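Good morning, and thank you for making the time.

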Amino acid sequence: MRTHYPRTPHLPWSPGVGRDDVRAAAGLEGLAGREVVVTEKLDGENTTLYADGLHARSLDSGHHPSRAWVKGLQGRIGAGIPAGWRVCGENLYARHSLPYEDLDSWFYGFSVWDGDQCLDWDRTVPFLRGLGVPSPRVLWRGVFDERALRRLRLDTTRQEGYVVRTVGGFARADFGRCVAKWVRGGHVQTDTHWMYAQVVPNGLGPQAPLWGVRSGAEPDVAGLSAALGVRAGADIAAGTEIGSEAGAGAEAGAAAAAAAATVAEVGEVTARIDGLGRTGEARLAGVLAAMLRRVPRARLAARLAAGPAGMPLARRVADLVGLYPSLQRPFPDAERRAGLVRMAVAADLGVLHALAGATAGDPGARECVEWSALCAEEAGLLGADPLGSLRAGLREALAGLGPEAADRCWAEAREAFARGGISTPQEAVAATWRWRDAGFPRLVQLCGPSGSGKSTFARSLPGVSAYVSLDDLRSARGSRADQRANADVLREGLDRLDTALAAGGTVVWDATSLTEQQRGLAGSVARRRDALVTQVVVLVEEAELLRRNAVRAHPVPAPVLTGQLHRFSPPYPGQAHRTWYMGAGGSVEDTAGILDSQGGPGTAGGEF
């Protein structure tokens with residue numbers, strides 16, 4: 001059933017109220033005392049998308065050249081809109097009164113409806129992102145405060161206004177009480193209505209190629225390269241540093257051939273991902289992994305995290321790049337299911353097999369990938385979220401449990417599922433009773449090169465009962481830089497770690513822990529003491545590390561830092577009970593292994 005979008009009432013202080021406009025009640029009772037989100041109001045055409053079509057505000061809206069692009073978008077994402085649902089947003093293809101030059105897309109979604117019920121904001125944004133649709137910029141969020149909203153200052157030469165809505169969902173009948181807008185005065189500033197004027201497209205910004213891939217468009221490799229600040233030519237194909245001038249003097253023909261090969265691989269991987277029905281972030285991660293697969297994983301993660309991709313996407317792309325070659329090699333069948341489950345904790349197995357299959361270089365590798373995919377399909381692991389029902393059931397059963405106990409139960413349930421010991425949420429609940437009282441010690445294990453900010457972050461954590469730093473132990477022996485007694489220092493550090501974990505509480509292990517072997521030394525002590533292990537992975541670009549090292553009180557010799565960067569192999573999700581990812585800013589920007597996935601990135605740092 002088609003449903004027109006309701007008219008949004010103006011806030012009492014909105015200067016753009018027209019004679020026919022609806023005004024919100026002076027008291028704003030529907031907003032008072034409730035958490036609201038304020039988003040930028042965009043100057044476009046109100047448009048509603050369904051699984052099987054679309055319309056503008058008028059249900060019988062006909063053809064207009066400005067609607068051709070959004071019709072194509074609906075054709076790509078319609079299959080992801082459930083029956084009875086609709087996505088409401090702004091078609092920004094044609095310039096109206098305000099010119100836009102840096103849009104992420106020509107369509108922004110601002111609400112999602114299940115019949116007559118509007119979804120809450122915190123479900124709306126992830127749902128839209130999963131379709132590949134951006135949402136308007138958030139200007140303010142908090143408990144409704146008229147004074148705070150009146151203080152908002154907009155550039156009315158570039159911004160039409162703002163919209164206030166409750167963060168919580170609401171019924172259509174309550175729309176006029178839960179949504180209101182502020183519009184600039186004289187917002188229509190053209191002599192001719194835009195529908196009767198020549199169509200002038202608004203400008204797209206550098207992020208548009210990323211959103212295009214999310215929404216199912218054919219990847220624009222050159223545009224993606226520009227958006228991320230990388231080159232898809234010889235430097236990527238050769239695995240040299242991203243963003244460097246390496247390879248600049250290579251033969252033009254070789255560079256063109258490398259770029260063409262990259263484009264061809266991206267096209268093949270994209271076709272396989274589309275066959276799985278993946279959209280949104282999963283599709284984009286797979287495409288970027290195909291494009292950047294020859295770049296060293298740690299370097300790739302740090303570079304992408306520092307740019308517009310952000311930490312969550314960066315580490316997922318890097319994990320795909322690091323894991324796909326293992327599918328192209330033989331693996332013992334007796335251990336295959338457990339290995340695939342553990343891999344599914346770290347990456348989307350469907351996308352991972354698409355990447356591995358498209359890039360397999362010989363018949364033996366292709367056979368390994370095909371056999372692995374058959375086993376994964378038989379085990380029910382090729383879906384977008386194969387462990388989702390297990391997580392949801394455990395989360396519901398453990399509601400109210402503290403985050404550390406909940407995360408430990410989730411980690412133990414994942415491993416029991418991998419071993420075949422459990423298969424249902426009910427069995428997971430029964431199998432995790434011993435960790436619910438949180439009566440176990442905690443280990444926070446830092447992982448990253450020198451100068452990445454590990455110690456600064458760890459020393460700010462609340463509730464730490466013991467701090468074991470290998471640098472401090474070297475200093476106590478006479479010199480922080482003296483590496484000759486490393487074996488004795490490590491032995492002393494592990495002894496101290498064991499003693500501290502035996503006493504209970506939270507213990508920080510401050511060392512670079514660059515490789516799986518190095519991490520395993522402290523990890524074995526943690527297992528012996530039945531500790532919850534949280535790995536803090538720090539991803540900082542090489543240039544920033546070198547800059548920081550130059551001004552440190554105890555700088556690391558440049559060859560040592562270079563060696564660390566070459567050896568650094570960040571842990572994958574699931575190799576510890578939970579993982580926090582930190583960037584150059586010194587805060588947690590993404591998490592893995594958290595049972596309450598609604599908590600979101602950045603919340604983990606206070607979970608002591």
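Six strands form an open sheet in the order E12-E13-E11-E14-E15-E16, with mixed pairing. Strands here are DSSP runs of at least two residues and helices are H or I runs of at least four, numbered from the N terminus; two strands pair if DSSP finds at least two bridges between them. At the edges stand strand E12 (464-469) and strand E16 (588-592), each with a single partner strand, so one side of each has no neighbour in the sheet. On average, neighbouring strands of this sheet are turned by 20 degrees against each other, direction ignored. For such angles, axes are lines fitted to C-alpha atoms, for helices over the stretch in contact, and angles run from 0 to 180 degrees between N-to-C directions.

Before I continue, the basis: this is a predicted model, in which local features need pLDDT of at least 70 and side-chain atom pairs count only at pLDDT 80 or more, while totals for chains, interfaces and linings use all residues. Residues are numbered from 1 along each chain as its sequence is written, and side-chain values use heavy atoms, with hydrogens and water left out.

Leu-443 has Val-507 in E13 as its bridge partner. Which helix packs on E11, E12 and E13? That is helix H20 (residues 486-503), whose direction makes about 165 degrees with that of E13. Contact, throughout this talk, means heavy atoms within 4.5 Å.

Two loops beside these strands deserve a remark on backbone geometry. Ser-513, in the loop between E13 and helix H21 (516-528), has a phi near 45 degrees, a positive value in a residue other than glycine. Asp-530, in the loop between H21 and strand E14 (532-538), likewise has a positive phi, near 55 degrees. Ser-513 is buried, at 3% relative accessible area, whereas Asp-530 is partly exposed, at 25%. The classes are buried under 20% relative accessible area, exposed over 50% and partly exposed in between, with a 1.4 Å probe and protein chains only.

Five bridges join strand E1 (residues 35-41) to E7, and Val-36 stands opposite Gly-142 in E7.

Next, strand E5 (residues 107-114). Seven of its eight residues are buried, so E5 is largely enclosed by the rest of the structure. E5 pairs antiparallel with strand E4 (residues 85-91) over seven bridges, where Asn-91 has Phe-107 as its bridge partner. E5 also pairs antiparallel with strand E6 (residues 117-118) over two bridges, with Trp-113 partnered by Cys-118. The hairpin of E5 and E6 has two residues between the strands, and Gly-115 in the turn has a positive phi of about 65 degrees.

Cys-118 is buried, with a relative accessible area of 2%, and the value for Cys-178 is 2%.

Now the interior. A nonpolar core is a set of buried Ala, Val, Leu, Ile, Met, Phe, Trp, Tyr and Cys residues joined through side-chain atoms within 4.5 Å. The largest has 77 residues, and Leu-320 is one of those that touch the most other members. Helix H11 (residues 310-327) gives the most to this core, with 10 residues. Beyond four places in sequence, Leu-320 touches residues including Ala-285, Asp-348 and Leu-352. Apart from this core lies another, of 19 residues, among them Leu-473 and Ala-511.
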